[in-house]
Every structure is written in C-alpha cells, then in structure tokens.
Amino acid sequence: MKPYITCTLIHPDDLSGKPPKRKTSAYKQHHGITSLLHKGDNPPVTEPIWDETLEWQFEENEMVFLRILIKSDDSWAKNPMFAVAAVRLSYVAKGWSFIRMLDLKGRETHCSLLVNFELEDVA
C-alpha cells in the first residue's frame, strides 16, 4: 500500500468542469537498508505523515468545497480509493483541524486527517 491524498477544489463558478486538483506524493515506508539510511520518523504505512503544502487561489464563495480522497498508488489495485471527505471552506477555522474520513459508501471510518488550514485574502 502506497497511500497518497488527492484534493479537489470545487467552486460553483467553475464552468470548465475541470476543478483544480493537487496531490501529495505517495507515502512509502522505508524497510531494510533504506530504513537505516532514512533520517527522521518512519511511521507505518497505515499511519503516514505528509509534510506537504497544497495551494489554491479562488474567489470567495460560501459554496466552495475541498474534496479530499485517500488513494493508493498500487498498479494492481482495482479501486485505489479508500476514504473521502468534503470540507466547506467558508466553515474552516484557520489552524489545525481533524478531518473525519468516510468510506466510499458514506459510512464513518476510523480514519482521520490532521490538516493545517491557512486562508488569506489576496488583494
């Protein structure tokens, strides 16, 4: 399993039908000799840590959502999606927030993401 996160900004004024997406790199746990050479934390693949920034510029609207998908970068996987969440950006507080993830049928999972939101006005 090589999990990664895909985020899609859904904006009601986007008439192109192709909302902007960003994704993290696939998380790969280091094993064997590579784990000896790897510096820093090496959590298990079921508890990955991404230290990445995903950025968008958009016009403020109360109907702007961020769709978050946890996927796997395995070529053999039939359905690489594991969990999903939708966050309404007008309700997001700046700073760290836990995002509870749902399975693909809309049921709660034991999965959550800790995300740092930084929203700023660009004049």
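The structure is a predicted model, in which local features need pLDDT of at least 70 and side-chain atom pairs count only at pLDDT 80 or more, while totals for chains, interfaces and linings use all residues. Residues are numbered from 1 along each chain as its sequence is written, and side-chain values use heavy atoms, with hydrogens and water left out.

Read from the N terminus, the elements follow the order β-β-α-β-β-β-β. Of the 123 residues, 28% count as buried, a term that stands for under 20% relative accessible area, whereas exposed stands for over 50% and partly exposed for values in between (1.4 Å probe, protein chains only).

Between Lys71 and Val84, which are 13 residues apart in sequence, the C-alpha to C-alpha separation is 9.1 Å.

Side chains of opposite charge can pair when their charged atoms come close. A search of the whole structure finds three salt bridges, each defined as a side-chain nitrogen of Lys or Arg within 4 Å of a carboxyl oxygen of Asp or Glu. One of them joins the side chains of Glu62 and Arg88, at 3.8 Å from N to O. Glu62 lies in the loop between helix 1 and strand 3 and Arg88 in strand 4 (residues 81-88), so this pair ties together parts that are 26 residues apart in sequence. Glu62 itself counts as exposed, because its relative accessibility is 54%. Another salt bridge links Glu108 with Arg100, whose closest N and O atoms are 2.6 Å apart, and both of these residues are exposed. Arg107 and Asp103 also meet in a salt bridge, with a distance of 2.9 Å from N to O; here Asp103 counts as buried, since its relative accessibility is 16%.

Surface patches are made of residues with over 30% relative accessible area and no salt bridge, like charges being joined within 9 Å and nonpolar side chains (Val, Leu, Ile, Met, Phe, Trp, Tyr) within 5 Å. A negative patch is formed by Glu55, Glu60, Glu118, Glu120 and Asp121. Within this group, Glu60 is placed in the loop between helix 1 (32-37) and strand 3 (65-72) and counts as exposed because its relative accessibility is 74%. A nonpolar patch of about 420 Å² is made by Trp96, Phe98 and Leu114, of which Phe98 lies in strand 5 (residues 95-102) and is exposed, with a relative accessible area of 61%.

The structure holds zero disulfides, a disulfide being a pair of cysteine sulfur atoms within 2.5 Å. As for individual cysteines, Cys7 counts as buried at 7% relative accessibility, whereas Cys111 is partly exposed, with a relative accessible area of 26%.

Terms used:
Areas by Shrake-Rupley, 256 points an atom, 1.4 Å probe, with all protein chains shown as cover. Lys, Arg positive; Asp, Glu negative; His and termini not counted. Charge placed at Lys NZ, Arg CZ, Asp CG, Glu CD. Helix = DSSP H or I, 4+ residues; strand = E, 2+ residues; numbered from the N terminus.
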